[in-house]
Amino acid sequence: MMRQMQCVQSLVLILVLSGCTSGQSSSSLSRTGALINQTPMTADTKSYAQEFFDRPNPKALAFSLEKGTAWAAWGSSSVENAKEFAVSECERRTRTPCTLFAVNQQIVWEPVVEPTPSNTPGDRPAATSGMPDPVVKFPPATHPASASAPKPEVPPPAKRVAVHVASVRSPAEASEEWQRLAKRYQVLAGLEMQAPRKVDVPGKGVFYRVVAGAFHTRAQALAICEEIHSAGGYCTVVGL
């Protein structure tokens, strides 16, 4: 009789633990699904994003806010390679700026929340008695040193992006390919080539990216890429 009671207690404990685990998993999936539904993606892309979390790490998924489509990389050699590959391929295919949505099992994108008017007493207009407030005028304070001191110069913003125009198998080929492309596309003639970037593409091997230019904004780099695209070439924006 005692042995039967112990077996029943063990069975109940197993069922309780199983129920807790199932509840936690369902809660996590529900939260992920809710965040995906808030994302300005197409219906097919949302389904693609759901399946992304079953892919092997390291992985990353980037999407276009303008197009609502996405591109993912998984099983990469590192998280950084996965993020860079997902963003660059998304921008190349959509020809629009792309942003990261998820890295490994974590959603990193957050929806933009519009600010709402504050209801704090300090933001409300003060009640008036109907009579104008007395105006008291004081002469402006001046200081001889401050009047003649020059204003400090504000340094220009750092250059953050460049354009990726080709990928080759060795660093030696990068310089030759850049010279060929600079002659073919006039818009590249005034840009300076960056050091070749080594990247390990899953399933394809090691490549060296031909990267050029240094721009303050992504829009400046996209303008270069648009001209190359219109001439039938390849171009995408990458970070420095």
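How many residues does helix H6 have, and what distance does H6 reach from its first C-alpha to its last? Helix H6, residues 218-230, has 13 residues and reaches 18 Å between those two atoms, close to the 18 Å expected at 1.5 Å a residue. The close-up views below are taken from a predicted model.

**Figure 1. Helix H6 and its buried face.** The buried residues of H6 are Ala221, Leu222, Ile224, Cys225, Ile228 and His229. Seen down the helix axis, these residues fall within an arc of 155°, so they line one face of H6. The strands against which they pack are E5 (161-168), E7 (205-215) and E8 (236-239). On the face of H6 turned away from the buried side are the exposed residues Ala219 and Ser230. Just after the helix, Gly232 takes a positive phi of about 90°.

**Figure 2. The salt bridge between Arg209 and Glu84.** The structure holds six salt bridges. In the one shown here, the closest N and O atoms of Arg209 and Glu84 are 2.8 Å apart. Arg209 belongs to strand E7 and Glu84 to helix H3 (residues 79-94), and the pair links distant parts of the chain, 125 residues apart. Arg209 is buried, with a relative accessible area of 4%. Glu84 counts as partly exposed, at 28% relative accessibility.

**Figure 3. The salt bridge between Arg218 and Glu91.** The side chains of Arg218 and Glu91 meet at 2.4 Å, N to O. Arg218 has a relative accessible area of 26% and is partly exposed. Glu91, at 3% relative accessibility, counts as buried.

Figure 4. Arg93 forms a salt bridge with Glu89, and their closest N and O atoms are 3.4 Å apart. The two residues are separated by about one helical turn, because they are four residues apart in H3. Arg93 is partly exposed, with a relative accessible area of 49%, whereas Glu89 is buried, with a relative accessible area of 11%. The cut-off for buried is under 20% relative accessible area, and partly exposed covers the range between that and the exposed class, which is over 50%. Through salt bridges that share partners, Glu89, Arg92 and Arg93 are joined into one network.

**Figure 5. The surroundings of Thr96.** Thr96 is found in the loop between H3 and strand E3 (98-103). At 3% relative accessibility, this residue counts as buried. The side chain of Thr96 makes a polar contact of 2.6 Å with the side chain of Ser64. Another polar contact, of 2.9 Å, joins the side chains of Thr96 and Thr94. Leaving aside residues up to four places away in sequence, Thr96 touches Ser64, Glu66, Lys67 and Glu91. Glu91 is also the partner of Arg218 in a salt bridge.

**Figure 6. The aromatic pair Phe63 and Phe101.** The count of aromatic pairs in the structure comes to four. A pair of aromatic rings is described by the distance of the centres and the angle of the planes. For Phe63 and Phe101, the ring centres are 6.0 Å apart and the planes lie at 85°, so the pair is edge-to-face; that class requires planes over 60 degrees apart. Phe63 lies in strand E1 (residues 59-64) and Phe101 in strand E3, so the pair ties together parts that are 38 residues apart in sequence. Phe63 counts as buried, at 0% relative accessibility. Phe101 is buried too, with a relative accessible area of 0%.

Figure 7. Phe63, Phe101 and Trp109 form one aromatic cluster.

Note on methods. Residues numbered from 1 in each chain as written. Predicted model: local features only at pLDDT ≥ 70, side-chain atom pairs only at ≥ 80, totals over all residues. Heavy atoms only, no water. Expected span 1.5 Å × (residues − 1). Buried < 20%, exposed > 50% of the residue type's maximum accessible area, 1.4 Å probe, protein only. Arc of directions from axis to C-beta. Contact = heavy atoms within 4.5 Å. Salt bridge = Lys/Arg side-chain N within 4 Å of Asp/Glu carboxyl O. Polar contact = N/O pair within 3.5 Å; in protein donor to acceptor, adjacent residues only side chain to side chain. Phe/Tyr/Trp six-rings, centres within 6.5 Å; stacked < 30°, edge-to-face > 60°.
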